[in-house]
Structure formats: structure tokens, C-alpha cells
Amino acid sequence: MKICRLRSLFSSIAKCNSQAISPSPSSAAHSFSSINHHLQNVGFIGLGNMGSRMANNLIKAGFKLTVHDKNYDVLEMFSQMGVPTMKTPYEVSEASDIVITMLPSSAHVIDVYTGPDGLLHGGKRIRPWLLIDSSTIDPQTSRNLSATISNYILRERQGDWEKPVKLDAPVSGSIIAAEAGTLTFMVGGSEEAFLTAKSLFLSMGKSTIYCGEAGSGSAAKICNNLALAVSMLGISEALALGQSLGVAASTLTEIFNCSSARCWSSDAYNPVPGLMEGVPSSKDYNGGFASKLMVTEI
């Protein structure tokens, strides 16, 4: 099912791919001609439900992408769009000024950065000046990786940058927002790097919020996840209770959305099938945020 959904997405991408690679002068502010040259060559690792859509938005904004994923079917789809694909994270690193990772867990992130053929595999001199991790992982892993990367130096100086920098930049907004380019980024790390890369974030999202030092973005994300989990459980239980007492879910939702119970889980991501188009509950719960990804050890 996942591959079928991605095939449909990539089919629509292909139709506008020539416009994405050669945007018109009147296109969005993040068109290729306006991209800072330190941001042009972007590597993207992790092309799942979220990452594939984020990568697509970078392509449409005019960034030059190089990608990697363990799923060869997804890599083939990107290859057919004319996007260079690599067999390992290290090969992505060698081709990129910036690398973005969007992975399921802390263990995956650590492996992509420090494992065999990982981003840091080639010794203490690396090409990317900026490494951005948009995965939802624990803050300590984010801090540890930032500390590790601070011991590396750039193979070639990038403007004012002599050493590589890492930002933790997890997102909120679901697959729908990833496809629409309306994600919210929560960013921890160097504020100067954050400001330099802001146009990159805004090519994939509608807002980007600086949270503080390394690990702060990851910390903010797990707090957001906790609040979301509580509200989704509450809304789900309230809707189940109301229906068992004879009140229609549509009526309850109307009440919630104009009263003190209103929240994102009720008015943007309603859990009851048939009440809202485009959300997982109306797609047999396909494409939603896996509950196992909500669990982050701290």
C-alpha cells in the first residue's frame, strides 16, 4: 500500500518535474535563482511517507537533490524523475553541501551518521557544512551527535563556515502537511546556521521555530507529541462514549469544534471515519502517524 501511494505521488511529481528543475522567474521566493549557493546541493536520506514528500517539495523549490533510502523501489522512482540516487549515506555526503535525514528512530539516525558507510565514514574531513536531522528522536542522541560533529572539519571552507554544524529539526503536521509543504519545524543548534538555512525549511514548511541549543528541537518535538497523544486519546474516547450514548459523531465534532474541547485532533485530524476528507480515518487509517513512533525514550 505504501509503494502504491508513493507511485501516485511520484506520478504527479513527474508531470511538473521540468517546472521544478527550471522554475520560472515569477515562481516562489525559494526558486533556484534565489537559493543561497551554500544551500543548493542537498542530500536527503529517508524517503518514507514524510521524507519522500519533503524531498519532493525541495525539488519543486529548485534545490539540487541527491537521495538515499534502503527501499530500492522508492530510489528507482526518484531516479526516474532524474534525481541522483546513492547506495550509501556516505555517497550522499560526498555529493552534498547539506544533508537532511528523516528516519524512524534514534538507532537509525546513529547508524546513518556513524555506522559503516555512514555520513561521517570518510574521516575527520567532510564535505557537508550543515547536517539536519528531522527525525523524532531523544534529545540526548541529538546532543551527542552534535558534539561528535563538532570534532570534524570541512574539507573546503564554505563561506564563514570552517567546521560542520548539525541542527535537530523535527517536524509536526502529518503526511498531509508534508505533501502540502505546510510543516512546522522545531529547530535546535546553532542559531546562525538556523537563520542561514531558513529558506530551506520554508521550502518544506509554513513555519520554523528556533528552540535553543542542540537537542532543544528534539525536546520540543517529544513535548508536542505528548500533548498530541493526550488530546487524540481524549477526543477518541469522548467520541466513542458519545456514540454509545446515542449522540452522532458528527454532532459531537461540531460541538467540540466550537467549544472548549476544540483541538487539532478534533478539527484537523478527526479519528472517526467519514467526518473529514483526506485524513487517515477516512482512508481505512492508512498513512497516519504510527503509534510506535510516538514512543521516545529520554
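Because the model is predicted, local features are reported only at pLDDT of at least 70 and side-chain atom pairs only at pLDDT 80 or more, whereas totals for chains, interfaces and linings use all residues. Residues are numbered from 1 along each chain as its sequence is written, and side-chain values rest on heavy atoms, with hydrogens and water left out.

The secondary structure of the protein comprises 13 helices and ten strands, these being DSSP runs numbered from the N terminus, with helices (H or I) of at least four residues and strands (E) of at least two. Of the 298 residues, 47% count as buried, where buried means under 20% relative accessible area, exposed means over 50%, and partly exposed lies in between, with a 1.4 Å probe and protein chains only. The accessible surface of the protein, computed by the Shrake-Rupley method with a 1.4 Å probe, comes to about 14,000 Å², and 55% of that surface belongs to carbon and sulfur atoms. Among contacts (heavy atoms within 4.5 Å) with a separation of 6 or more, 63% are made by residues 24 or more positions apart.

Five aromatic pairs are present in the structure. Such a pair is counted if the ring centres of Phe, Tyr or Trp (its six-membered ring) lie within 6.5 Å, and it is termed stacked if the planes are under 30 degrees apart, edge-to-face if they are over 60, and tilted otherwise. F185 and F201 form a tilted pair, with 5.0 Å from centre to centre and 45° between the planes. This pair links distant parts of the chain, since F185 belongs to strand 9 (residues 183-188) and F201 to helix 10 (residues 198-201), 16 residues apart. Both F185 and F201 are buried. The pair of F194 and Y210 is likewise tilted, because the ring centres are 5.3 Å apart and the planes stand at 35°. F194 lies in helix 9 (residues 191-196) and Y210 in strand 10 (residues 205-212), so that the pair ties together parts 16 residues apart in sequence. F194 is buried at a relative accessible area of 4%, while Y210 is partly exposed at 27%. Ring pairs join F185, F194, F201 and Y210 into a cluster.

The C-alpha atom of Y210 is separated by 6.2 Å from that of M186, a residue 24 positions away along the chain. When neighbours within four places in sequence are left aside, Y210 is in contact with V187, G189, S190, E191 and F194. Another tyrosine, Y152, has the charged end of K124 over its ring, 4.4 Å from the ring centre; this assignment requires NZ of Lys or CZ of Arg within 6 Å of the ring centre and within 35 degrees of the ring normal.

The second largest pocket is lined by 13 residues, of which R53, I175, I176, E179 and K283 lie nearest its centre. Helix 8 (residues 174-180) gives the most to this lining, with three residues. A pocket is defined on a 1 Å grid over the protein atoms alone as an open set of points where a 1.4 Å probe fits, with protein on both sides within 12 Å along at least five of seven lines, and its lining residues have an atom within 4 Å of a point. Within helix 8, S174 has a positive phi near 75° although it is not a glycine, and S174 is buried with a relative accessible area of 16%.

Several residues were located in the segment after helix 13 (264-267), including N270, V279 and D284. N270 is buried, with a relative accessible area of 2%, and V279 counts as buried at 2% relative accessibility. From C-alpha to C-alpha, N270 is 9.8 Å from L239, the two being 31 residues apart in sequence, whereas V279 and I175 are 9.2 Å apart in space and 104 residues apart in sequence. Beyond neighbours within four places in sequence, the contacts of N270 are L239, T253, S265, L275, M276, V279 and S281.
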